[in-house]
Amino acid sequence: SALWAGWLWGREAAAPFKFVLHSRRYDWNWHAAALYAAMKNLSEHLPLNAPLFAIVPEVESAFLSATLLAAAGCGFELTGLALRTRHDPAQILWARRAFSHTVKEPAEIDAEAVRRAMVTALKERGEPVPSLHLHAAGLAAMADGHSLGWRPEALAQINAPILAALAGPEFVHHAESKNPETGLWGLTDWEAATESLPDRVEMITVRFLQTNPGAALRDLENTLNTELPGLLTPSLGLLRAVLASYAVETDGHWSPRPQDSPSMRLADLESAAQALTVLAPRLGVSLQRQENPQRLILWQDSEETVYAFYLLASAVVERILRQNPYPPERSLLVLPGGRAGLLAYKLDRDPALRCLAERWRIVKFRALRRLTEMTGLTRERFEKELSGDPIEPPEQMKLF
């Protein structure tokens, strides 16, 4: 604005604006102070436990820190924090505290509690996340411990334990740059993690569509946001990837694809199992079949596992990839063609999952049917055919 004023009005008229170009006053500390001044006046006119709801657009770590710091310093208790992606506004809910911020001194920051909160946030998501989500988890832990208080250089003090935690051995940075705000952050050990967020979104969406055919997108979003609140809020891109795999849209309403009815998918799974049963003796291998905890068919030769086929109707694969006892290069996921695009989307968004699946192969139901019709099939030809039908995102998902 100062540069435009100088160009339009001339040097003399723009002189009063020049200080803006030289001053570093308008940093995040200044922003926190401005929010603090506004909220302090507001808090004095609110009754105890009055709710205060805020939308934070164009959210970034420092902006979130400034907002939560200012509110805590004014006597507001954090009761809810929802974050979808860095492109979506954050939503924050506070309540007017019983004790005034001017009476009660803030507690010291518990760095260990901050670290635990960040680890817990990752385990609950079950997938790597942007640093913004971990930053939010750390801030929420400080707010819960009443250690977000107004003090000189407060922003630097509250950011320090978050950065220190990320430097610990528990966290992995999936990024080319060393800047902590780039790329994704994950755990070195995911063993204790729950089912990943994308897998839960898939299961919730499918269950909802089966019981509510013809539902509007908003109804589905509300269901997902209720079951996966706060820092678990799934992105709209993930939801659309699941819908592209499972549903058809008619005038803004979504219903399951006919071929994804439970009865038809059970029939497809049994057909795939029968195809593998037919192919086994033709390739000189014996077959073992189990139904729990996963549908699994083993091809064996002299008690050595040649291939391990996991038969799926969904793209819920993370638990299988992590718990598979067989060599990855001999392990295969057998699934419907309509599920391949969703799996590709999941692998693309999660570098940890992509690394797990690196040496696995994907076989679509249609590929098995084609193989059973081939004459003179050998192990060498079978091996070559396994790599002839790669998974790709569906055309509508490439737009996203």
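A salt bridge is a side-chain nitrogen of Lys or Arg within 4 Å of a carboxyl oxygen of Asp or Glu. The exercises below use that definition on a predicted model.

**Exercise 1. Salt bridges**

Task: How many salt bridges does a search of the whole structure find? Then work through the pairs of Arg116, Arg257 and Arg295.

Solution. 
- Step 1. The search of the whole structure gives 26 salt bridges.
- Step 2. Take Arg116. Its partner is Glu112, and the closest N and O atoms are 3.7 Å apart. The cut-off is 4 Å. Arg116 and Glu112 sit 4 residues apart in helix α6 (residues 111-125), so about one helical turn separates them.
- Step 3. Check exposure for this pair. Buried needs under 20% relative accessible area, exposed needs over 50%, and partly exposed lies in between. Arg116 has 43% relative accessibility, so Arg116 is partly exposed. Glu112 has 34%, so Glu112 is partly exposed.
- Step 4. Take Arg257. It bridges to Asp260, with the closest N and O atoms 3.0 Å apart. Arg257 is buried at 16%. Asp260 is buried at 7%.
- Step 5. Take Arg295. Its partner is Glu291, with the closest N and O atoms 3.7 Å apart. Arg295 is partly exposed at 32%. Glu291 is partly exposed at 38%.
- Step 6. Look for shared partners. Salt bridges join Arg257, Asp260, Arg265, Asp268 and Arg339 into one network.

**Exercise 2. A helix pair**

Task: At what angle do helices α7 and α8 pack? Which residues make the contact?

Solution. 
- Step 1. Helix α7 (residues 131-144) and helix α8 (residues 154-166) pack at about 125°, and their axes are 10 Å apart.
- Step 2. Name the arrangement. That angle makes α7 oblique to α8.
- Step 3. The crossing of α7 past α8 is right-handed.
- Step 4. Find the residues. α7 supplies Leu134, His135, Gly138, Leu139 and Met142, while α8 supplies Ile158, Asn159, Pro161, Ile162 and Leu166.
- Step 5. Sort them by class. The contact has 7 nonpolar, 3 polar and no charged residues.

**Exercise 3. Backbone exceptions**

Task: Which peptide bond is cis, with omega near 0°? What is phi of Ser302 and of Glu303?

Solution. 
- Step 1. Recall the background. Most residues other than glycine have a negative phi, and most peptide bonds are trans.
- Step 2. Find the cis bond. It runs from Asn292 to Pro293, with omega near 0°. Pro293 lies in the loop between β9 (286-290) and β10 (296-301).
- Step 3. Check Ser302. Its phi is near 55°, a positive value. Ser302 sits in the loop between β10 and β11 (304-311). It is exposed at 70%.
- Step 4. Check Glu303. Its phi is near 65°, a positive value. Glu303 is in the loop between β10 and β11. It is exposed at 77%.

Definitions and conventions
Residues numbered from 1 in each chain as written. Predicted model: local features only at pLDDT ≥ 70, side-chain atom pairs only at ≥ 80, totals over all residues. Heavy atoms only, no water. Axes fitted to C-alpha atoms, helices over the stretch in contact; angles between N-to-C directions. Helix = DSSP H or I, 4+ residues; strand = E, 2+ residues; numbered from the N terminus. Parallel < 35°, antiparallel > 145°, perpendicular 65-115°, else oblique. Left-handed = near helix turned anticlockwise from the far one by under 90°. Contact = heavy atoms within 4.5 Å. Nonpolar A, V, L, I, M, F, W, Y, C, P; charged D, E, K, R; others polar. Buried < 20%, exposed > 50% of the residue type's maximum accessible area, 1.4 Å probe, protein only.
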